[in-house]
Amino acid sequence: MNTSQEYKIQTFEPGESVIYVPMHALGDITHKDAERGVVHRQSEISGHVFVRFCNKHSGQLDETPKGCYPEDLRKQTTKQ
């Protein structure tokens, strides 16, 4: 009997716009601590997503990507 369950990690593509939602925000993308950014890459081994976040002062993308858990990111969609 196979009792292991396969865990499917959400995938992200470089260039995708995302919103980081910290755990204490309880999924609220409008929370003051939520941050917008752009996916740099995703680790094929760990699943971590490396994101370049928007600098709150300059509005420019930070040079150094930060590693995030995929479950803390929401894909940002644009309404047409």
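This is a predicted model: local features need pLDDT of at least 70, side-chain atom pairs count only at pLDDT 80 or more; totals for chains, interfaces and linings use all residues.
Residues are numbered from 1 along each chain as its sequence is written, and side-chain values use heavy atoms, without hydrogens and water.

The chain has 5 strands and 0 helices. Here, strands (E, at least two residues) and helices (H or I, at least four) are DSSP runs, numbered from the N terminus. Of the 80 residues, 24% count as buried, that is, under 20% relative accessible area with a 1.4 Å probe and protein chains only.

Strand S3 spans residues 49-53. Its covered face holds Val49, Val51 and Phe53. Phe50 and Arg52 form the uncovered face. S3 runs antiparallel to strand S2 (residues 35-42), with 5 bridges between them; pairing requires at least two DSSP bridges. Gln42 stands opposite Val49. The hairpin of S2 and S3 has 6 residues between the strands, and Gly47 there takes a positive phi near 90°. S3 is also joined to strand S4 (residues 66-68), antiparallel, by 3 bridges. In this pair, Val51 stands opposite Lys66.

The largest nonpolar core comprises 8 residues: Phe12, Val18, Val39, Val49, Val51, Phe53, Cys68 and Leu73. Such a core is a set of buried Ala, Val, Leu, Ile, Met, Phe, Trp, Tyr and Cys residues joined through side-chain atoms within 4.5 Å. S3 supplies its largest share, 3 residues. Beyond neighbours within four places in sequence, Phe12 is in contact (heavy atoms within 4.5 Å) with residues including Val18, Val39, Val49 and Leu73.

Note on methods:
Buried means under 20% relative accessible area, exposed over 50%, partly exposed in between (1.4 Å probe, protein chains only).
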